[in-house]
Amino acid sequence: MPNSVPVTDNKTSITPNSRDQQLIQWLSSQGYRSAGAIKPMSGDAGFRRYFRMQEKGSDVIVVDSPPKFCNNQAFINVAERLAKQDIAVPEILAVDLEQGFFVIQDFGATLLADTLTPETVEPRYRQALMLLPKLMSGEAAEQLPLYDADFVRTELNIFSEWLCEHYLQLSFDDSDKLELEHCFNHLVANVEAQPKVFMHRDFHSRNLMVLDNDALGVIDFQDAVYGPVTYDAVSLLRDCYVKWPASTVETLFGEFIPLAEKQLELEYSIETWKRWFDLTGIQRHVKAAGIFARLKLRDNKDGYIKDIPLTLSYIVDIANRYPELTFLAQFVENRVIPAVEQKSI
């Protein structure tokens with residue numbers, strides 16, 4: 001789940017392994033004379049690796065995306081679809097699907113996250129929310145994987161397995177399991193109840209780039225699905241990496257609703273929209289907390305552990321507003337958060 005634009009790591013050098021040699025040879029075969037001078041970049045939580053290369057005075061991004069682990073065809077398909085919807089996405093300059101190598105346009109190094117302050121957050125987020133109707137539009141969305149009940153339950157179980165059991169070593173009795181499943185069922189039903197649209201699935205300020213013309217470019221869209229209408233809005237407004245005042249979130253979400261209703265050509269009550277938004281956010285934060293733990297334990301990526309407390313605070317805050325989710329709020333507040341704090345000592 002967590003991705004962000006890679007940043008050049010000038011302290012790192014290319015390791016002369018066979019995969020790197022294959023990449024350099026492929027770049028040379030494509031006519032890139034600077035293939036031997038690519039600079040490693042950091043920033044992706046998945047299996048992809050990124051490099052920056054200067055060719056004829058301009059920077060491009062080189063991507064090593066092993067086909068065994070990455071759905072590279074999906075990246076191409078979604079990029080083409082978004083470009084047709086007038087969304088700024090990196091142009092694919094060269095590709096080898098069999099080996100999993102790409103050269104793509106360099107959007108620079110200015111994340112939307114880098115531009116956010118209490119004074120700029122509303123206009124900048126408003127700019128990002130204006131992209132969502134474009135993302136929603138187009139007939140191709142229905143061809144994406146469906147973000148259905150099974151998909152959601154698989155993600156929620158990452159929380160139980162990787163954060164609670166493996167990382168924190170918390171035990172569950174039969175009552176705990178039943179109560180947690182009951183709460184998860186409400187989150188699943190909430191996803192199922194919403195209109196389905198194109199869903200970026202990781203639409204937040206680290207996956208939006210500020211371009212030279214001050215427009216926003218979209219990256220890390222390869223995991224897009226056909227899912228609930230509020231998911232991308234809550235990904236942005238209740239970001240796993242930064243928290244803004246509730247009044248700011250409420251104002252911006254209130255502005256998103258008419259944009260979405262116009263695109264959907266449907267109307268719903270404010271109460272319905274609020275519940276969809278709140279429970280979708282809880283579901284996303286439950287999943288994220290589990291993924292952050294899995295990144296550490298399975299993938300040896302420690303950098304996201306520090307983001308777990310914020311995701312848990314969102315769960316407690318929002319779940320406490322819904323009586324049917326009281327157990328989840330109390331479980332996280334009384335058992336999970338203390339265990340996380342103990343791990344950090």
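**Exercise 1.** In this predicted model, determine how the residues that line the second largest pocket divide by class, and which helix gives the largest share of that lining.

*Solution.* 
Step 1. The lining divides into 11 nonpolar, 1 polar and 7 charged residues.
Step 2. The space in this second largest pocket is about 310 Å³. Its lining has 19 residues, and those closest to the centre are Arg238, Ala246, Val249, Glu250 and Lys274.
Step 3. Two or more lining residues come from each of helix 8 (246-264), helix 9 (270-297) and helix 10 (308-319). The largest share, 6 residues, belongs to helix 8.

**Exercise 2.** Describe how helix 6 and helix 11 cross, and state which residues meet.

*Solution.* 
Step 1. Two packed helices are described by the distance between their axes and the angle between them.
Step 2. The axes of helix 6 (residues 174-193) and helix 11 (residues 326-344) come within 9 Å and cross at roughly 125°. Helix 6 is therefore oblique to helix 11.
Step 3. From helix 6, Asp176, Glu179, Leu180, Cys183, Phe184 and Leu187 meet Phe327, Leu328 and Arg335 of helix 11. This contact has 6 nonpolar, no polar and 3 charged residues.

Methods: Residues numbered from 1 in each chain as written. Predicted model: local features only at pLDDT ≥ 70, side-chain atom pairs only at ≥ 80, totals over all residues. Heavy atoms only, no water. Axes fitted to C-alpha atoms, helices over the stretch in contact; angles between N-to-C directions. Helix = DSSP H or I, 4+ residues; strand = E, 2+ residues; numbered from the N terminus. Parallel < 35°, antiparallel > 145°, perpendicular 65-115°, else oblique. Contact = heavy atoms within 4.5 Å. Nonpolar A, V, L, I, M, F, W, Y, C, P; charged D, E, K, R; others polar. 1 Å grid on protein atoms, 1.4 Å probe; cavity = no way out; pocket = protein on both sides within 12 Å on 5 of 7 lines; lining within 4 Å. Points joined across faces, edges and corners; volume = space filled by probe spheres on them.
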